[in-house]
Amino acid sequence: MTVAIIDYGMGNLRSVAKAFEHVGADRVLVTDDLAMLRAADRLVFPGQGAIGSCFSHIEEHGLRDELSELLLSKPVLGICLGLQALFDFSEEDGGVEGLGVIPGQVLRFPEKMIDGGERAKIPQMGWNTVDQRRDHPLWRDIPDAAWFYFVHSYFVHTANDDDLCGACQYGDIEFAAAAARDNIFAVQFHPEKSHHDGLQLLKNFLSWDGTW
Amino acid sequence: MPLCKRIIPCLDVDAGRVVKGVRFVDIADAGDPVEVARRYSDVGADEVVFLDITASSDDRETIVHIVEQVADQVFIPLTVGGGIRELVDIRRMLNAGADKVAINTAAVNRPEFVREAAQHFGSQCIVVSVDAKQVGADHWELFTHGGRQATGIDVVEWVKKMVAFGAGEILLTSMDRDGTREGFDLALTRAVADAVPIPVIASGGVGNLQHLVEGVRDGGADAVLAASIFHFGEYSIHSAKQAMAAAGIIVREAR
């Protein structure tokens, strides 16, 4: 069973790979090689930084057209920007068209928001709880309202409630901490930095057949 | 639930070993950064900071390997500070598995370094470490070299500048309080927290759990950093979180 982490040159993927190894993945590849991505049993679509350069990198690696096809073919886990890139549009970097795999938009947290009685800092950096809105195999053995580690200034608003699998609240904004549709499950938080519950989610992904 | 306030143990690492006597009774080697970091993550620390205090340049490579070993086995955020002077230093730390780097002297020597770092790697991984000393009523000056060298720069002006240059977080240490166990400099913490729109980690002076509560409640800190009160087993991360929760502060319960 091979997990391929799509390496399109956006940041360090070592932690993600090591976390998968830690939870028992047989074979973890970090690669941009199309043949390898096609042959893998599972795909991880990671990402960090700004979404504009994320898409330039995807295009430089010749992956834009291939991605939409790849992402529909097998179990997929999107992480952070790998969640945001799935949607129709992001207002970051002057407006960027996304992959449009799931309907919805990526918006910036408003300035001067209040969270927990103090000015909400942007990025949201730290641990927050996720309300599980849908039953999903990736939530197995993870309690509702478990804590996960987030670092982000933009958030996803899904167009359809059906796609909202986990919700998180920051200030007065409720956003998609997890979105799921068919064979794709994508999270805003970093499971590879979220201790037990994050590792459990990665473990669940390894045994998920892409249906739910 | 709002974002929780974080508790961050800080480990001093010299030539690959945790120093200043971490005393956990139940780990085999209290000098092993991997064991100590894993132990802290298991008991509910929200992040870990490694401060490389290695003096000898021969040993500077060691910290990179330490970071790799820790990041391969400990799955909470990891910040590394000490000796971060060039972009290549940041790249090596991030590639080794660090989530953030803390920049101190290099930012003072050349503030543009912070701008370049944020542009290259993103603000989310650039922590600017600020050593502050009180020089008058509600007036703090930026110091370097462990508080020995004055810069003449006003701390509040400095942190605003660092935000404009792309810093993602401020690690604020009161040199007046560091090591005193008298509690954070709350006026300093509040002045900085109110001046910047990014998270502030309070550091320096923690002697008991009430001090952690004050740092958040009165100082407005987003996270509190402590070393000795945890390392010597005097207080646990769990009891620290209980004290903060009892004061109405949102904390993450470890599982």
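**Conventions.** I number residues from 1 along each chain as its sequence is written, and chains are lettered from A in the order in which they are written. Because the model is predicted, local features need pLDDT of at least 70 and side-chain atom pairs count only at pLDDT 80 or more, while totals for chains, interfaces and linings use all residues; side-chain values use heavy atoms, with hydrogens and water left out.

**Entry 1, chain A.** I looked up the secondary structure and found six helices and 15 strands in chain A (DSSP runs numbered from the N terminus, helices being H or I of at least four residues and strands E of at least two). The radius of gyration of chain A, taken over C-alpha atoms, is 16 Å. Along the principal axes, its C-alpha atoms fill a box of roughly 50 × 40 × 30 Å.

I noted that 60% of the 212 residues of chain A count as buried (under 20% relative accessible area; exposed is over 50%, partly exposed in between, with a 1.4 Å probe and protein chains only). Chain A exposes about 7800 Å², of which carbon and sulfur atoms supply 44% (Shrake-Rupley method, 1.4 Å probe; for residues, only the protein chains shown count as cover). Of its contacts (heavy atoms within 4.5 Å) between residues at least 6 apart in sequence, 70% join residues at least 24 apart.

I checked how helix H2 (residues 62–73) of chain B packs on helix H3 (residues 87–96) of chain B: the angle is about 30 degrees and the axes are 8 Å apart. Axes are lines fitted to C-alpha atoms, for helices over the stretch in contact, and angles run from 0 to 180 degrees between N-to-C directions. H2(B) and H3(B) are therefore roughly parallel (under 35 degrees; over 145 is roughly antiparallel, 65 to 115 roughly perpendicular, the rest oblique). H2(B) brings B:Ile63, B:Val64, B:Val67, B:Glu68 and B:Ala71 to the contact, and H3(B) brings B:Arg92, B:Met93 and B:Ala96.

I found B:Thr144 in strand E7 (residues 139–144) of chain B, where it counts as buried at 4% relative accessibility. Leaving out residues up to four places away in sequence, B:Thr144 touches B:Val108, B:Gln149 and B:Thr151. B:Gln119, in helix H5 (residues 112–121) of chain B, is exposed at 63% relative accessible area.

Note on methods: The radius of gyration is taken over C-alpha atoms; the globule rule is 2.2 Å times the number of residues to the power 0.38.
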